[in-house]
Amino acid sequence: MDTVVSGIRPTGFLHLGNYFGALRNFIKMQNENNCYFFIADYHSLTTHPTPGDLRTNVKNVLIDYVAAGLDPEKATIYVQSDVPQVCELSLLLSMNVYVGELQRVASFKEKVRRQPNNVNAGLLNYPVLMAADILLHRADKVPVGKDQEQHLEMTRDFAQRFNHIYQNEYFKLPVAYNFGNDLIKIPGLDGSTKMSKSDNEGSCVYLSDAPEVVRKKIMKAVSDSGPTEPGQPKSQAVENLFSLMKAVSAPDTLQYFEDQYQACQIRYGDMKKQLAADMIAFIQPIYERILELRSKDDYISKIAREGAEKARESAAKTIKDVREIIGFKAL
Ligand code: ADP
Ligand code: TRP
């Protein structure tokens, strides 16, 4: 049985991008593998949340995870900071990671550009902590969206480096869990290429959005004035509507609007109405479970407590092995 590890930062509610990027095929995933799904609250400290916001967001993500279909009986669901061994592994790995390679990471460069006044060391070290998350359970597979490809590649580099330095094939080299398909990137409603709660709130449809909210968001989504000649390439905003439709609608619905576009007869109002209906049908069962779970504090605490216990067990074993391999021995 393979081990799967996946994390999401608690910076808000889960959106469709998170769902399709990190939770795609979760039923198969949790039935066939030993899964660890965690809430990356240490990672979220790079943006300096208040203690109140942090706690609320962690709880909301846990609820969204379970409502989306993760089964605490099958998968280990936990909060990253409940398993502080990850910090030790991150520190140990960091001794063989070079500042230059961290400075060249695309997501770091992007953060420096976006928030020049908050380039903290946690941001620089982000990929090392993420590698520690994954290697802590000696994962084989990591379900992530396209944006995490480089981080995963670095995880493999750090694992391989450790194995090489200590001449011990201890860590496996984890690969993206993509079910044989390309990694996914769900676009935003605002014409941006990536739906993201941390980069652009206005781009998101949340799993916890009420049907009316989803409808309004879709009807307001950016489009353009329509194609004027056959074969005209789609604008980014229209491409986005088609990608969203591909994610939630039936293939023949998608084909119908594709044909309409190609024939220059598309009416974006009709397309958005259909997209809104299909997206609501997709989200509604999850939305209803979210509402239910929000009043079940005891159940949510129990999931976090039991998940932490299981995750700590797996982490303790890895840390014990790693300490021995490195040469920490009792005097
Ligand atoms: P956000 O970008 O909204 O802050 P995170 O960075 O916490 O979300 O992402 C958690 C997981 O969700 C990662 O596996 C990431 O690849 C995936 N993910 C986030 N946004 C998207 C998207 N638009 N399309 C596909 N996967 C995504
Ligand atoms: N870096 C991921 C993101 O922003 C979140 C994350 C942290 C993660 N640790 C992880 C994802 C380990 C997968 C595995 O999307």
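Predicted model: local features only at pLDDT ≥ 70, side-chain atom pairs only at ≥ 80, totals over all residues.
In which strand is threonine 3 found?

1. **Threonine 3 and its surroundings.** Threonine 3 sits in strand S1, which covers residues 2-8. With a relative accessible area of 9%, threonine 3 is buried, because buried here means under 20%. Leaving aside residues up to four places away in sequence, threonine 3 touches Asn34, Tyr36, His137, Arg138, Ala139, Asp140 and Lys141.

2. Arginine 138 belongs to the loop between H8 and S4. Its phi is positive, near 50 degrees, in a residue other than glycine. Arginine 138 counts as partly exposed, at 26% relative accessibility.

3. Another loop residue to check is histidine 48, placed between helix H3 (41-44) and H4. Histidine 48 also has a positive phi, near 55 degrees, and is a residue other than glycine. Is histidine 48 buried or exposed? Its relative accessible area is 54%, so histidine 48 is exposed, the cut-off being over 50%.

4. **Helix H4.** Helix H4 runs over residues 51-68. The buried residues of H4 are Leu54, Asn57, Val58, Asn60, Val61, Leu62, Ile63, Asp64, Tyr65, Val66, Ala67 and Ala68. After H4 comes glycine 69, with a positive phi near 125 degrees.

5. **Helix H9.** The length check can be repeated for helix H9, residues 149-165. Here 17 residues at 1.5 Å a residue should span 24 Å, and the distance between the end C-alpha atoms is 24 Å, which agrees. His151, Leu152, Met154, Thr155, Phe158, Ala159, Phe162 and Asn163 are the buried residues of H9. Because an α-helix has 3.6 residues a turn, residues three or four places apart point the same way. What do the buried residues of H9 pack against? Their partners are the helices H6 (99-103), H7 (106-114), H8 (121-135) and H14 (297-326), together with the strands S4 (141-142) and S5 (175-176). Glutamine 167 follows H9 and has a positive phi, near 50 degrees.

6. **A salt bridge at glutamate 149.** A search of the whole structure turns up 17 salt bridges. Side chains of opposite charge can pair when their charged atoms come close. In one of the bridges, glutamate 149 pairs with lysine 146, and the closest N and O atoms are 2.8 Å apart. Glutamate 149 is partly exposed at 37% relative accessibility, and lysine 146 is partly exposed at 39%.

7. **Lysine 217 with aspartate 209.** Lysine 217 and aspartate 209 form another salt bridge, at 2.7 Å from N to O. Which of the two partners is buried? Aspartate 209 counts as buried at 10% relative accessibility, whereas lysine 217 counts as partly exposed at 22%.

8. Glutamate 306 and lysine 302 form a salt bridge whose closest N and O atoms are 3.7 Å apart. Both belong to helix H14, and because they are four residues apart, about one helical turn separates them. Glutamate 306 is partly exposed at 41% relative accessibility, and lysine 302 is partly exposed at 37%. Elsewhere, Glu110, Arg113 and Arg114 are joined into one network by salt bridges that share partners.

9. **How H12 meets H13.** Helix H12 (residues 251-262) and helix H13 (residues 268-293) pack with their axes 11 Å apart, at an angle of about 170 degrees. This angle makes H12 roughly antiparallel to H13, because angles over 145 degrees count that way. Their crossing is left-handed. At the contact, Thr253, Phe257 and Tyr261 in H12 meet Tyr268, Asp270, Met271, Gln274 and Asp278 in H13.

Terms used: Residues numbered from 1 in each chain as written. Chains lettered and ligands numbered in written order. Heavy atoms only, no water. Helix = DSSP H or I, 4+ residues; strand = E, 2+ residues; numbered from the N terminus. Expected span 1.5 Å × (residues − 1). Buried < 20%, exposed > 50% of the residue type's maximum accessible area, 1.4 Å probe, protein only. Contact = heavy atoms within 4.5 Å. Salt bridge = Lys/Arg side-chain N within 4 Å of Asp/Glu carboxyl O. Axes fitted to C-alpha atoms, helices over the stretch in contact; angles between N-to-C directions. Parallel < 35°, antiparallel > 145°, perpendicular 65-115°, else oblique. Left-handed = near helix turned anticlockwise from the far one by under 90°.
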